[in-house]
Every structure is written in C-alpha cells, then in structure tokens.
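Here's a quick look through a structure, one feature at a time. Have the model open as you read.

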Amino acid sequence: MGRRGLVRRRAGRARPGVRRCRPSERATAFEALEKAEDPFFEQIRALVYYGYYSRPEVVIAIRKNVPAGKDYHGPPLPYGYIQSLEPWDETTLAQANDNGSYLETDQVERVDLSKVTWIQ
C-alpha cells in the first residue's frame, strides 16, 4: 500500500471527522487537530512538507530565490544526494593516501601559540 493509501486508511480510522467533512470544512478540522497537538496532525504535516520539498520545481526555486539556498539539494531520501555529488578525481584520491596521517589522541601535543601575533 502506498503512502497515500496509508494516510487515507489512517485518516478514516483515526480521525473520521476529517475525512467525512466537506472540503470547505477540512481546513477547520485540521486546525483543530493542530491546536490539540494531535500526533496524527504531526504525521500529516510531515508528509505534506516532504512532498512539497521533494518537488524538483521547489528545489530549483529555493536555489534560485533564497540566498542561503544556493547549495540546497532537496531531501536526501530515498536516493541520497546523487545529483550533487561531483565526479571522483582518482589522482587526488590516490595522493590523499600518500599525504595523510593519523595520530592517536594521546600522541597529540599542544602548539605554542604565544608568538602568533594575528590571533592575539
């Protein structure tokens, strides 16, 4: 059963008033659920948000119109950030193994910063 069917079944069983009211009254019914801090409302709201922010048109609009959204890639599920991954550079990856190192925590020593003028 898909998400829509699950929501419809749950709405009919858990909150028959929302399903049976006229379309013009549904907003009022959902407002009442919200004010009551009903967990069912929380689930419905989460599904609506996920559906909205997963739309490609919305992702494009966020990137284009929101200053902090330039690197927004949409929701990572179910496929991860496939469209935002850059191609691997095998040469750079090979060099990373040659240049990197690891120290155990007890091997780390403090650096004397007293002679560094730009941080004082």
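Is Y52 buried, exposed or partly exposed? Y52 is partly exposed, with a relative accessible area of 46%; buried means under 20%, exposed over 50% and partly exposed in between, using a 1.4 Å probe and protein chains only.

## Ground rules

This is a predicted model, where local features need pLDDT of at least 70, side-chain atom pairs count only at pLDDT 80 or more, and totals for chains, interfaces and linings use all residues. Residues are numbered from 1 along each chain as its sequence is written, and side-chain values use heavy atoms, leaving out hydrogens and water.

## The aromatic pair

The structure holds 1 aromatic pair (ring centres within 6.5 Å, counting the six-membered ring for Trp; planes under 30 degrees apart are stacked, over 60 edge-to-face, the rest tilted). Y52 and Y53 make it up, edge-to-face, at 4.9 Å centre to centre with 90° between the planes. Y53 is partly exposed too, at 35% relative accessible area.

## Helix α4

Helix α4 covers residues 39-53, 15 residues in total (helices are DSSP runs of H or I, at least four residues, numbered from the N terminus). From first C-alpha to last, α4 reaches 21 Å, close to the 21 Å expected at 1.5 Å a residue (1.5 Å times one less than the number of residues).

The buried residues of α4 are F40, F41 and I44. Seen down the axis, these buried residues fall within an arc of 100°, so they line one face of the helix (the arc is taken from the directions from the helix axis to the C-beta atoms).

Notes: Helices (H or I, at least four residues) and strands (E, at least two) are DSSP runs, numbered from the N terminus.
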